Amino acid sequence: MMRPTRKLFGWLRRIAAVSAVLLAVPMPAWALIEIDITQGNIEPLPVAIPDFVAGSGSEAEVAANISNVVEANLERSGLFRPLNEQAFIQTITNPDLPPQFADWRVINAQALVTGRVTRLGDGRLKAEFRLWDVFAGQQMTGQQYFTAPDNWRRVGHIIADAIYERLTGEKGHFDTRIVFVDETGTKDSRTKRLAIMDQDGANIRYLTNGRDLVLTPRFSPSSQEITYMSYGSGEPRVFLLNIETGQREIVGNFPGMTYSPRFSPDGQRVLMSLQQGGNANIYAMDLRSRRTTRLTNSPSIDTAPSYSPDGRQIVFESDRGGTQQVYVMDANGGNAQRISFGEGRYSTPVWSPRGDLIAFTKQLGGKFLIGVMKPDGSRERILTEGFHNEGPTWSPNGRIIMFFRDVPGAGGGPQLWAVNLTGRNERRVPTPSFASDPAWSPLLN
Amino acid sequence: MSGLFPSKSLLNLAVVLLVAVSLAACAGRAKQADVAGQAVPGSQQDFVVNVGDRVFFSVDSSVLSATSQDTLRKQAAWLAQYPSYQVMIEGHADERGTREYNLGLSARRGDAVKNYLISQGVPSNRLKMIAYGKERPVAVCDNESCWNQNRRGVTVLSGGAGS
């Protein structure tokens, strides 16, 4: 059971584009409703989220939009069941006043979220929300945020994260983005572009124009950069791209194809494979000194490296034993140990941000599966399986795994999907076209 | 590459080789019928139609079959006869593998083709190699009859008097 112990009220949450101020409310004297998100089969918590109130008439639309973003996020997590507003009895007109709890109890709302959006004299929006425990008749948390009007979606995500954290005791994953490869055209003539969007599919933006084939984008944990592989003139190579400025540079000066890049947890290094004849070895490049270090040296394909969150170990795949399997080595390349021993092939390992699990793709019996195992290879669990599932990426709180699923058929193509760590609540992630190689950003706020 | 049952790999290998040979034969016949007598000796079309520009691989393998070696010997002989061409070897994998590994596997295939051509006397400075992983399939159905066409090494010509 994850019981929130940290005081949520005692600090000011500062983020780049949205400033937050705590709403003055009394601390709850005892623990209120909470959600245990470690269980496989939980009943989603019934929550009522009436449209946020408009401070004046002109904010009605954005107020409703923000509360709709909150509601959609909570619903998609699988942990909450937003109630139909047609069942609501009380109309919230002043969110500063305690609601008529009896009106919300009778429709079985466990939690109630109220809020208000006001346009300030300087043009900014002020968004306030309060989370109420309906059956205890208490406010659980409340905050207000100030932001530019075109940032309203982020405010919705930040409020949803605050609600998620208050009710589960863990950080949320809503104020995050996904970088992925957008795919258009027929199967034998695909155009691939790097694209970035909010985790719910909104605010999509294309980072490359499709002229060059691009693959496997990954976020920096600490800057507005991604690393990815691109074809172009000459050898295909690993690049860095600043997603704000568009500035692009090649990572390293290697005598061959480099691919499968991934940042270190401190953002200072990039791991990648260098193809050398029929073999691939893993290298690390320090982005400040530009120094490169060879980490593996075997007559095999060593690729898909991923650091542990403490930076002390690296998980990767290698066919040094005959078929693709997953290995863990020290960050300096020593002491490589195979950890995957189940039936089938194991590939694309990614270390959980919590450090406790490694997600992987597994090929068995003509199917492609997504699973997790502990870093010592024990306690393998398969989360999804089918014709083709590949390339897991973790939500920053380590609770959700996103991956791509290729759909067979002449008009088929890859789509993004997400599944909870429990294997439940599998959902498609909306994208405008076919999409592959997703990577989840850190929490932005 | 993968996607088949390891326990049946020998059987599959045999099937794959048969299919690959018969497909190559079909393609050759079809093209020869279409362009009967039109491929100018020494042209890229001549290379594709009368020599064969590609070899095929079995699942998760970069081993050159006897048929592939035969094709590559003919390629080397043709390239010796027409020395003005530069060569880009493309390594490819089928869709039944993961992206990163397939880049490595397709490079391994391209490297095998390149090394074989060098062993047959093609100067290495005429040869370049690029690995496409599973990114450039030529056949798009969702079964082995397409996948075995995509596990390939293609010898692409540039320059040359006939181009």
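## An enclosed strand

Let's start with strand S21 (residues 325-330) of chain A: five of its six residues are buried, so S21(A) is largely enclosed by the rest of the structure. Keep in mind that this is a predicted model.

S21(A) has a partner in strand S20 (residues 313-318) of chain A, and the two pair in the antiparallel sense over six bridges. One pairing to look for puts A:Ser318 across from A:Gln325. The hairpin of S20(A) and S21(A) has six residues between the strands, and there A:Gly322 takes a positive phi near 120°. S21(A) is also joined to strand S22 (residues 337-338) of chain A, by two bridges and again antiparallel. Here A:Val328 stands opposite A:Gln337. Six residues lie between the strands of the S21(A) and S22(A) hairpin, where A:Gly333 has a positive phi near 100°.

## A four-strand sheet

Further along chain A you'll find an open sheet of four strands, in the order S23-S24-S25-S26, with antiparallel pairing. Its edges are S23 (345-351) and S26 (381-386) of chain A, each of which pairs on one side only. From one strand to the next, the twist averages 20°.

Within this sheet, S23(A) and S24(A) (residues 358-364) share five bridges in the antiparallel sense. To see how they line up, find A:Tyr346, which sits opposite A:Lys362 in S24(A).

In soluble globular proteins, nonpolar side chains tend to be buried together. The largest nonpolar core here has 35 residues, and the members touching the most others are A:Tyr231, B:Leu64, B:Val113 and B:Leu117. Several elements of chain B give two or more residues to this core, among them helix H3 (66-81), strand S2 (85-91) and helix H4 (99-119). H4(B) supplies the largest share, eight residues.

Take a closer look at B:Leu64: leaving out residues up to four places away in sequence, B:Leu64 touches B:Val55, B:Phe57, B:Gln69, B:Leu72, B:Ala112, B:Val113 and B:Tyr116. There's also a second, separate core of 29 residues, which includes A:Val62, A:Val70, A:Ala111 and A:Ala127.

## Two loop residues with positive phi

A:Asn108 isn't a glycine, yet its phi is positive, at about 65°. You'll spot A:Asn108 in the loop between helix H2 (101-105) and strand S5 (111-119) of chain A.

Over in chain B, B:Asp60 is another non-glycine residue with a positive phi, near 55°. B:Asp60 belongs to the loop between strand S1 (54-56) and H3 of chain B. Its relative accessibility is 15%, so B:Asp60 counts as buried.

## Salt bridges

Side chains of opposite charge can pair when their charged atoms come close. Across all chains, a search turns up 32 salt bridges. One of them joins A:Asp302 to A:Arg320, with the closest N and O atoms 2.9 Å apart. This pair links distant parts of the chain: A:Asp302 is in strand S19 (residues 302-307), A:Arg320 is in the loop between S20 and S21 of chain A, and they are 18 residues apart. A:Asp302 is buried at 0% relative accessibility, whereas A:Arg320 is partly exposed at 33%.

Another pair is A:Arg290 and A:Glu249, whose closest N and O atoms are 3.0 Å apart. Those two residues are 41 residues apart in the chain. Both A:Arg290, at 40%, and A:Glu249, at 32%, count as partly exposed. Finally, salt bridges with shared partners join A:Glu183, A:Arg190, A:Lys192, A:Asp437, B:Arg99 and B:Glu135 into one network.

Methods:
Residues are numbered from 1 along each chain as its sequence is written. Chains are lettered from A and ligands numbered from 1 in the order in which they are written. This is a predicted model: local features need pLDDT of at least 70, side-chain atom pairs count only at pLDDT 80 or more; totals for chains, interfaces and linings use all residues. Side-chain values use heavy atoms; hydrogens and water are left out. Two strands pair if DSSP finds at least two bridges between them. Axes are lines fitted to C-alpha atoms, for helices over the stretch in contact, and angles run from 0 to 180 degrees between N-to-C directions. A nonpolar core is a set of buried Ala, Val, Leu, Ile, Met, Phe, Trp, Tyr and Cys residues joined through side-chain atoms within 4.5 Å. Buried means under 20% relative accessible area, exposed over 50%, partly exposed in between (1.4 Å probe, protein chains only). Contact means heavy atoms within 4.5 Å. A salt bridge is a side-chain nitrogen of Lys or Arg within 4 Å of a carboxyl oxygen of Asp or Glu.
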